[in-house]
Amino acid sequence: MSETPASESTLHEPYGLKGLDLPNRAVLAPMTRISAHGDGRATERMRDYYRSFAEGGFGLLVTEGIFTDTAHSQGYLDQPGLATPEDGESWASVTAAVHEQGSSIVAQLMHAGPQGQGNAYTSGLRSASAVRARGEQAGMYRGSGPYEVPDALSAAEIGEVTSSFAAAAVRAREAGFDGVEIHGANGYLVDAFLTDYLNERTDGYGGSPLARTRLAREIIEAVRAAVGNDFVVGIRISQGKVSDATHRWSGGVAEAETIFGALAGTAVDYVHTTEWKANAPAFPDEDARSLSQLAREFAPTLTVIANGHLDTGAEAAQSLGDGGADLVAIGKAALAQHDWPQRVQQGREVLEPLAPSAFGELATLQDWELRVPEPASSSR
Ligand SMILES: Cc1cc2nc3c(=O)[nH]c(=O)nc-3n(C[C@H](O)[C@H](O)[C@H](O)COP(=O)(O)O)c2cc1C
């Protein structure tokens, strides 16, 4: 066992996120597990699954994307919800198990938007505009073929979506969560509004980059009004999408300034940037800065969480150093070892993240838990 290099020590330093005293800077990235009851309630296996990451040293856990209403928000069958009182009650044992380990847990609130591919309640998709998501449905969530063409949300439906996020946030609070993260990334509804080619609206929710942030801003404000000031509210932001992994904001750094600046003007506490590689330039043809560095610059008052192939202590340290991040979120490397923070801290072997090529075969929580990746076959 070797000493933790000095450059990596920041990872193990405490951090105050609003009222939360996080023991370190390691965050579990949100990861959909499609392992809930069919009606959206969390299961005991999910409780044990999340507890294991807290046991392994993650100071903050962000849950998988959780749908917010019984209309169009659910994206995957067996995805969990916070859409009903029963959903809310089912999460109480999960949050208690995580708290027993001294960690905090935030619920990621998600509306699937144009990337929905399984909804137990309501058929049909809703999005900013009637524009089909690119690419094909995700096989790892049991989808195949092109996405459906969504209907554009009416003005009244936008109000219902916003209210549903607020109601789900209240249920999260009642269930013992320490905060909520609004899923504004990866091509789902909020990101569809942010995205030029998916948003053709002319009613103040589309057009300029600032207008495209309006839904995100309204959801943040509705959630904040519903949960009060002593509850963490964050938002996740990306360029890439499940349906379009290599997408970049066409307005480059100027668009980043608009988006992060707009978020800084809201009552949100943190912005969680996710990229394929967190430390790589966000707009390589224009600028050397990463997306988390741009978030730090244009939203200096907000906590910044960075995500994307921060697989080793050294990569995490770079992000926490001059990479602009206060916290680092670990995804596939955490699935390979639920005790990633402890391994890094103790200088033990850190396994490669699970290979993307393995996703198609892995549908259930149990598969993920039982699967031990073969280091030699892992790819990036
Ligand atoms: C199985 C799986 C499920 C995911 N589900 C979600 C999700 O529900 N919400 C979300 O924001 N990102 C989701 N992601 C993206 C991860 O949070 C993360 O951004 C991505 O894996 C890149 O980080 P990494 O390189 O550390 O794995 C998922 C990723 C994986 C591998």
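Mentor: What follows is a walk through the salt bridges, pair by pair. Please keep in mind that this is a predicted model. The protein chain carries 29 positive and 50 negative side chains, with the centres of the two sets lying 1 Å apart. Side chains of opposite charge can pair when their charged atoms come close. With a nitrogen-to-oxygen limit of 4 Å, the count comes to 21 salt bridges.

One of them joins Arg25 to Glu13, at 3.8 Å from N to O. Arg25 belongs to the loop between strand E2 (20-22) and strand E3 (26-28), whereas Glu13 lies in the segment before strand E1 (15-17), so this pair ties together parts that are twelve residues apart in sequence. Arg25 counts as buried because its relative accessibility is 12%, under the 20% cut-off, while Glu13, at 34%, is partly exposed.

Arg51 and Asp48 meet in another salt bridge, at 2.7 Å from N to O, and here both residues lie within helix H1 (residues 44-55), three residues apart, which is about one turn of the helix. Arg51 is partly exposed at 22% relative accessibility, and Asp48 is partly exposed too, at 32%.

In the pair formed by Arg348 and Asp339, the closest N and O atoms are 3.0 Å apart; Arg348 is partly exposed at 33% relative accessibility, but Asp339, with a relative accessible area of 18%, is buried. Finally, Lys18, Arg224 and Asp269 are linked in a network of salt bridges.

Technical notes: Residues numbered from 1 in each chain as written. Predicted model: local features only at pLDDT ≥ 70, side-chain atom pairs only at ≥ 80, totals over all residues. Heavy atoms only, no water. Lys, Arg positive; Asp, Glu negative; His and termini not counted. Charge placed at Lys NZ, Arg CZ, Asp CG, Glu CD. Salt bridge = Lys/Arg side-chain N within 4 Å of Asp/Glu carboxyl O. Helix = DSSP H or I, 4+ residues; strand = E, 2+ residues; numbered from the N terminus. Buried < 20%, exposed > 50% of the residue type's maximum accessible area, 1.4 Å probe, protein only.
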